[in-house]
Amino acid sequence: MQSNSNKDNEHILYTMILPVITSVIVFYYNQILGAIAILGCGVLFFYLQRVRDDNQSAIQRYVDDVHSSFDSITKNLVFEMPFPIAVLTDGANIKWHNGYFRNLFPGEDLVGVDIAKLIPNFDDIDFTDKDFIQPVTIEVDDKSMQFYFSTVYNEDLKTNENFVYAIDNTYDESIKQLFKDKRLVFFTIFLDNYEDLRSSTESVNRPQVLGAVDRVINEYFTNHNGVVRKYENDRFMVVMEYQDYRDIHEDKFSILDDVREIEVGNTINPTLSIGAGISGANPYEIYGDSRVAIDIALSRGGDQAVVKIDDNYEYFGGKSKATEKTSKVKSRVISGALRRMINASSDVYIMGHNNPDMDSFGSSLGVYEGVRFLEKDAYIVLNEVPRQIENMYNSTTGSLEELKDNILSEDQALARIKSSSLVVVVDNHRKNSTEAPSLIEKTDQIFIIDHHRRGNDYIKKATIAYIEPYASSASELVTEILNYLDEDFKARTSIAESLLAGITVDTKNFVYQTGVRTFEAASILKRWGADSVYIKRMFKDDFEIVKYKSEVIADSSIVNDMIAIAHFNRDIDGSSLIASQAADDLLTIKGVKASFVLTKANNKIHISGRSLGDISVQLILERIGGGGHLTAAATQLDMSMENAENMLKKAINEYLREEEENESNTKR
């Protein structure tokens with residue numbers, strides 16, 4: 001106000017300049033008139049000052065009235081606002097609250113109470129952070145309340161006071177929940193073994209078996225308000241709302257067990273593969289997600305459900321062995337596709353997984369032989385030769401003169417590869433697990449041959465992904481492909497022996513994951529000159545390795561009365577080989593149904609898992625980022641041995657707990 005008064009005085013002085021000068025001039029010529037004029041100037045000056053004082057008083061009265069009115073309005077608003085309000089002290093204790101806030105927490109003394117005890121999420125709030133405006137939502141008596149806050153500095157008390165108010169957001173949340181509940185969910189369902197089921201069931205029982213499958217599917221999804229449509233003999237489509245899907249998610253797709261238990265004269269159990277799409281923007285995208293999910297379910301061996309939610313996947317089932325396909329039509333089709341892609345490419349780069357075993361390197365050699373037969377440049381990408389393939393590497397490079405020059409490191413391959421090159425990935429379908437992940441980005445022509453169940457991080461840009469979990473090994477799949485490559489094709493002896501060694505190592509001497517087609521592939525390799533005695537020599541271990549395996553077994557312990565866990569604490573070349581072989585040996589112990597061996601490899605903790613089939617080591621290790629088969633799986637963790645073991649035990653307990661829950665649900 002003082003500054004405004006000074007400005008008004010200046011305005012008066014400026015206003016008086018002209019009359020005063022005029023009065024002085026008049027006084028110079030006529031003293032009487034001049035005196036009257038000067039007197040008039042004095043009167044004018046005092047009048048202007050009086051007007052100024054009256055205006056200032058009026059303005060002050062107006063300001064005082066507004067301040068008084070605003071203060072009254074503010075006080076009344078705070079007390080009469082129809083939503084919960086509380087004032088907090090600097091320490092976030094409640095200093096004052098209105099009745100609406102009191103109604104949220106009846107029966108409690110609120111004044112002086114830390115608000116975090118009433119609203120736990122307030123623990124994370126920094127009231128001094130002016131940029132933090134995220135509201136805190138809590139559920140109170142079936143209401144969804146959103147709490148907002150602001151901080152005010154009290155000049156009188158020299159403290160910060162936090163103003164908290166809540167808005168009832170129940171209606172908006174109910175609309176969101178309704179929208180979520182009414183979303184469509186699409187299911188694509190395949191009867192995995194339709195042809196085998198028909199051929200293995202007597203004609204008199206065949207209609208009853210297939211009718212029982214149809215009835216179980218229809219009843220299960222109809223009970224969940226789904227619409228079921230059968231569009232082929234072995235294929236169904238189901239549509240339902242998300243609110244009904246939640247019940248299916250809760251019972252973990254028990255229909256998989258219901259179908260598997262059908263026995264109406266059939267000699268083999270029917271199994272289903274289910275793909276579910278949820279989060280697409282429209283029905284077409286949701287249906288597309290279900291198709292992607294069913295492809296993953298089939299590539300993982302079937303008898304399971306895969307649910308696609310945005311870019312993530314959930315898996316249910318997958319606890320039985322993949323059913324071996326009796327028809328070789330797909331192998332012949334894949335062989336023709338591979339031949340066309342090889343002929344269309346400028347050159348071919350072949351690689352397996354990092355830290356390769358005999359199956360990875362053996363199947364790479366098989367593809368190399370096929371490319372060479374088609375007269376294209378072929379290169380195997382191999383950064384180093386680990387102990388587990390030393391014998392195979394020395395044998396093949398010693399007998400095949402050109403081979404050593406065609407084995408490249410990742411850097412060498414990167415320097416040569418072109419956009420027109422073909423990359424063939426064997427015994428692996430995960431980009432980050434390949435021997436040279438950088439090659440994947442250099443070409444769009446990628447061909448995958450693998451026998452592991454598909455995981456989330458598969459190579460999505462692959463042109464063709466031949467993933468068959470029923471197969472014993474990648475070497476078995478490659479042998480079948482080579483057999484259909486050309487009538488005149490015959491692999492050189494050392495290549496045939498490498499493929500047979502790959503099958504032998506993955507089947508543990510034709511014991512695990514071995515089917516009719518496994519022996520047929522072995523017979524093809526025998527016709528190409530593979531020597532079983534030579535392969536036996538290839539598997540001979542150094543005395544040191546035998547001694548280390550004994551150390552691992554001596555270190556082992558039994559958990560959950562049936563699972564062996566052991567450690568190999570030496571960080572040496574071939575430690576993962578020792579771990580996997582020790583895991584196999586632990587299964588020979590009476591009462592052990594599964595085994596896990598942890599070891600150090602490449603500055604990470606490598607876990608090898610093995611089982612006899614009663615326990616799925618794949619499902620256990622998938623929980624901690626691994627994968628593989630029902631009876632053989634592995635993972636690598638970037639952490640300490642102790643933390644890795646704790647994570648493994650947690651995954652085992654979760655798996656066994658779910659198994660118990662599923663068993664109890666089935667009995668009910």
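Trainee: Over the face of which residue does Arg235 lie?

Mentor: Please keep in mind that this is a predicted model. Arg235 lies over the face of Phe190, with 4.1 Å to the ring centre. Another such case is Lys460, whose charged end sits over the ring of Tyr458 at 4.9 Å from its centre.

Trainee: How many aromatic pairs does the count come to?

Mentor: The count comes to 16 aromatic pairs. One of them joins Tyr220 and Phe221 edge-to-face, at 5.2 Å centre to centre and 85° between the planes.

Trainee: Why is the pair of Tyr548 and Phe568 tilted?

Mentor: Planes under 30 degrees apart count as stacked and those over 60 as edge-to-face, the rest being tilted. The planes of Tyr548 and Phe568 stand at 55°, so this pair is tilted, with ring centres 5.4 Å apart. The pair links distant parts of the chain, as Tyr548 belongs to helix α19 and Phe568 to strand β19, 20 residues apart. Tyr548 and Phe568 are both buried.

Trainee: What is the order of the strands in the open sheet?

Mentor: Its six strands follow the order β18-β19-β20-β21-β23-β22, with mixed pairing. The edge strands, β18 and β22, each pair on one side only. Helix α19 (residues 543–555) packs on this sheet and touches β18, β19 and β20, its direction making about 130° with that of β19.

Trainee: In which sense do β19 and β20 pair?

Mentor: They pair in the parallel sense over six bridges, and His567 stands opposite Leu598 in β20. Helix α20 lies across β19, β20 and β21, running at about 165° to β20.

How values were computed
Residues are numbered from 1 along each chain as its sequence is written. This is a predicted model: local features need pLDDT of at least 70, side-chain atom pairs count only at pLDDT 80 or more; totals for chains, interfaces and linings use all residues. Side-chain values use heavy atoms; hydrogens and water are left out. Two strands pair if DSSP finds at least two bridges between them. Helices (H or I, at least four residues) and strands (E, at least two) are DSSP runs, numbered from the N terminus. Contact means heavy atoms within 4.5 Å. Axes are lines fitted to C-alpha atoms, for helices over the stretch in contact, and angles run from 0 to 180 degrees between N-to-C directions. Rings of Phe, Tyr and Trp (its six-membered ring) pair if their centres lie within 6.5 Å; planes under 30 degrees apart count as stacked, over 60 as edge-to-face and the rest as tilted. Buried means under 20% relative accessible area, exposed over 50%, partly exposed in between (1.4 Å probe, protein chains only). A charge sits over a ring if NZ of Lys or CZ of Arg is within 6 Å of the ring centre and within 35 degrees of the ring normal.
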